[in-house]
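Hi,

Here is the structure I promised to pass on. Have a look at it first, and then read my notes below.

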Amino acid sequence: MLLTITTTYQPATDLGFLLHKHPDRLQSVDLSMGKAHIFYPDSLEEKTTIALLLEIDSIAMIRGSRNDSSKNFALGQYVNDRPYVASSLMSVALAKAFSTAMNGKCSNKPELVEVKMPFTVKIAVLPAPKGGEVLIRKLFEPLGYEVKLERHILDEKFTDWGDSKYFTLELYHIITTKELLSHLYVLIPVLDDRKHYFVSQHEIEKLLAKGKGWLENHPEKEQITRRYLKNLSSLTRQAIERLNEGEESTKEIEIEWNPAEKKQKETLNQQRLALVVERLKESQAQTVLDLGCGEGKLLRMLLKEKQFSKIVGMDVSYQALLRGSEKLHWEKMAVRQRERIELLQGSLTYQDKRLEGFDAAAIVEVIEHLDKNRLRSLERVVFEFAQPKTIIVTTPNAEYNVLFENMKTGSMRHSDHRFEWTRNEFEIWANALGDRYHYRVEFLPVGQEVENIGAPTQMGIFTNGN
Ligand code: SAH
C-alpha cells in the first residue's frame, strides 16, 4: 500500500514543513495493525514527493477484525488483499502521520496553511467496488480533481480473465494541504467495501469534522456518508441530517442574483451561444469541438445545423456529461444523427489526440474556471497541439460587474471562477496567444454594451493565419 504526494509549489521543499516531516529522515508511526513509513523519494526545490508506505501485520488485523467478509473462504483470513491495497487503513495512517497538517496547523511557516499548491497524489493499489471507475470519478471530480485511472488486469499471463477490481489512481488539483488530506481521509475508505474496524457513533464525528466545508455541498454526499458509515442506516440518517443543517449558511456564499438579473443572465447565455453558432457557421467549419461543453446546450444547437457533420463535446466533469447525454435523448436519436455527435471525458490541460483534425473549436465560459498555471497548459493543448482553424473563446468582462446590484466590489460572478478579466486584460492575453501560435484575433462584445464598461461577456475569435 503506497501513497505518494508530489508538489511543484516553489520551493517544493516547503512540503516538509507543512507535513511536519523532515526530508532527510525515514520516519515510522505505529498503527494498531502494522506500521506506516514516511519518506521522501524526491526532495528538490522544483519538486518534492513524500511517500506513505503501509506495512500491515495481517495476523494482528485478523485478531482485531469483527466482520471481515474475507472469512467467506477458508483461508480468507490469511490470504487476502489487505496488505497490498490502499483502504481505510490508509486513512488511519494519514491521520496519524499528518495530524498537525490535517488540523490546518504549521508552526514553522503558518502562512503556508492557506496556500493552494499544485498536488499530484498517486495511490497504488486502490480497490474499487462495482462500477469502480464511475464511482471514483464521481467522488473526486466534483471537488475539482483531475482523475487518471489505470485498471489492472487480473493476471498478465491470462489476459482473457479480464480486469480486476484494482486501480492505480492519480489525482491532480491545486488546493490547500488541509483540504487535500481531508478529502483523502474521507474518500479512500468510501471506496473500500470491507472496512476493517467497527463503525460506531464516533465515526460520525470524524466524518463531519473531516468533511467540514466540502462534504455538505458534494453531489454524492449521501453515497459518501452511507459508504463511509458502512451502510448502517441509523448512523447514515443522523449524519446526513447534520450535514444538511449546515447547507443554508454555505449557500449564501453564492451571489444572489435578483430576478431581473437572473433573467438577464439567461438571455445573455442564449445570445452568447447563438453568436457562437453564427460565427462557427460563417467560418465554414464542418467538424467542431465544444471544449468544456458542460451539459451540452451548445451541442444541441449545433446538431440542428446541417453544415456540421461532426460535433464533439468534451468536459472534465463526468456528471455534466451524463446530464448532457440525457438531454440529448441519445436512445431516441436517429442513427445518422447519433453518428454526428460524440461526448468525451477529458481535461483540456492534457494533450489529447482525440482533439486533433477539427475545423473549429468553441471554448465558452471555461477559461475563467482554470487556475492561471493550468491555463498555460490549455493554451498549448488547444492552440499548439489540437490546432483547429477557428477557435472561439468567451469569458466574462469584469468591468461589467459593477452593474450587478448584489455583487460586492472585487467579487466574481461564480464561486468557481479563478479570475475575471477586464477587456484590456483579455485582449492582451488573446493577442499574445495569437502571436505565439499564428492566429489572427477579432474581438466582439456579447450582450448589451454600456459606455466605458463594455458588454457583460467578451468574445475572441481566433483564425489560423497559416
Ligand atoms: N460551455 C458551457 C459550460 C461552461 S461552465 C456553457 O457555456 O454553458 C465551465 C465548464 O468547464 C464546466 O462544465 C467544467 O466542468 C468545464 N471545465 C473546467 N475545467 C475543465 C478542464 N480542465 N477541462 C475540460 N473542461 C473543464
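How do the residues of the shell around the ligand divide into nonpolar, polar and charged? There are six nonpolar, six polar and two charged ones. Bear in mind as you read on that this is a predicted model.

Staying with the ligand: 14 residues surround it, and the closest include Gly292, Asp315 and Ser347, along with Leu348 and Val364. Aspartate 315 uses its side chain, with a polar atom 2.6 Å from an oxygen atom of the ligand. With leucine 348 it's the backbone instead: a polar atom there is 2.9 Å from a nitrogen atom of the ligand. Valine 364 also comes in through a backbone N or O atom, which lies 2.8 Å from a ligand nitrogen. As for how covered the ligand is, it would expose 570 Å² if taken alone, and the protein buries 79% of that.

Next, the sheet. Seven strands make up an open sheet with mixed pairing, and the order is β10-β9-β8-β11-β12-β14-β13. At the edges you'll find β10 (341-345) and β13 (439-446), each of which pairs on one side only. On average, neighbouring strands in this sheet are turned by 15 degrees against each other, ignoring direction.

β13 pairs with β14 (residues 457-464) in the antiparallel sense, over eight bridges.

Finally, two backbone details for your list:

- The peptide bond between glutamine 10 and proline 11 is cis, with omega near -10 degrees. Proline 11 sits in the loop that links β1 (2-7) to α1 (14-18).
- Glutamine 284 has a positive phi, near 70 degrees, though it isn't a glycine. You'll find glutamine 284 in the loop between α11 (259-282) and β8 (287-291), and β8 is one of the strands of the open sheet described above.

Cheers

Definitions and conventions. Residues are numbered from 1 along each chain as its sequence is written. This is a predicted model: local features need pLDDT of at least 70, side-chain atom pairs count only at pLDDT 80 or more; totals for chains, interfaces and linings use all residues. Side-chain values use heavy atoms; hydrogens and water are left out. A residue is near a molecule or strand if one of its heavy atoms lies within 4 Å of it. A polar contact is a pair of N or O atoms within 3.5 Å; within protein, one must be able to donate a hydrogen and the other to accept it, and residues adjacent in sequence count only if both atoms are side-chain atoms. Accessible areas come from the Shrake-Rupley method with a 1.4 Å probe; for residues, only the protein chains shown count as cover. Ala, Val, Leu, Ile, Met, Phe, Trp, Tyr, Cys and Pro count as nonpolar, Asp, Glu, Lys and Arg as charged, and the others, Gly among them, as polar. Two strands pair if DSSP finds at least two bridges between them. Helices (H or I, at least four residues) and strands (E, at least two) are DSSP runs, numbered from the N terminus. Axes are lines fitted to C-alpha atoms, for helices over the stretch in contact, and angles run from 0 to 180 degrees between N-to-C directions.
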